[in-house]
Amino acid sequence: MYFSLIDKIDELRVGESITATKSLAMSEEYLRDHFPKFPVMPGVFMIEAMTQASAWLIRVSENFAHSMVVLKETKNVKFGQFLQPGQTMVVTSKIVSDSEDSTVLKAQGAIEDQVRIRAQLTLAKYNLRDISEHQGRFDAKLVKTLKEELMLLWPDCPNYD
């Protein structure tokens, strides 16, 4: 199952930073279990929202050079208060360093102008063809799907056809 934990990209500066938002709705399925009488977004999902925003920054900055951009490592994670239904988390992420196969970013999530979570994220980037020739046939399809999703998240984005 795939959870898109970014609702909208508000600003993206190629090679530098991204600002995105996640509004938590009571209808999100995982809130039934976390926790039934006190629904809050799980901390790991808050990290995932920062990871997804960071991945969009990398994809756009590299013109979708890699079909896969995934979390490799988190450091210095600091949690504050919970994100509850009806609240919106503003995620910001800035590139610290970049190499051929990974990017290090400083990311945070703020609710009502108060930082509630922050972390240093390292995202790995690769193409499926790097793993196997057989899997490489999916790279172009993945990139096409990602570009379509980007246009939904960031209506003002440049055309990446």
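**Surface.** The chain exposes about 9,100 Å² (Shrake-Rupley method, 1.4 Å probe; for residues, only the protein chains shown count as cover). Carbon and sulfur atoms supply 52% of that area. I then checked burial: 43% of the 161 residues count as buried. Buried is under 20% relative accessible area, exposed is over 50%, and partly exposed lies in between (1.4 Å probe, protein chains only).

**Ground rules.** I note that this is a predicted model, where local features need pLDDT of at least 70, side-chain atom pairs count only at pLDDT 80 or more, and totals for chains, interfaces and linings use all residues. Residues are numbered from 1 along each chain as its sequence is written, and side-chain values use heavy atoms, with hydrogens and water left out.

**Fold.** I listed 2 helices and 6 strands. These are DSSP runs numbered from the N terminus (helices H or I, at least four residues; strands E, at least two). The order from the N terminus is β-β-α-β-β-β-β-α. The radius of gyration is 16 Å, close to the 15 Å of the globule rule for 161 residues, so the chain is as compact as a globular protein of that length. The radius is taken over C-alpha atoms; the rule is 2.2 Å times the number of residues to the power 0.38. Along the principal axes, the C-alpha atoms fill a box of roughly 50 × 30 × 30 Å.

**Contacts.** I took contacts (heavy atoms within 4.5 Å) between residues at least 6 apart in sequence. Of these, 64% join residues at least 24 apart.

**Salt bridges.** I counted 8. The rule is a side-chain nitrogen of Lys or Arg within 4 Å of a carboxyl oxygen of Asp or Glu.

Which residues pair with Lys125? Glu62 does, with the closest N and O atoms 2.4 Å apart. Lys125 lies in strand E6 (residues 114–126) and Glu62 in the loop between helix H1 (43–61) and strand E3 (68–79), so the pair ties together parts 63 residues apart in sequence. Asp98 also forms a salt bridge with Lys125, at 2.5 Å between the closest N and O atoms. Asp98 sits in strand E4 (residues 88–98), 27 residues from Lys125.

Is Lys125 buried or exposed? Lys125 is buried, at 3% relative accessibility. Glu62 is partly exposed at 22%.

I also found Lys8 and Asp10 meeting in a salt bridge (3.4 Å, N to O). Lys8 is partly exposed at 42% relative accessibility, and Asp10 is partly exposed at 34%. Asp7, Lys22 and Glu28 are linked in a salt-bridge network.
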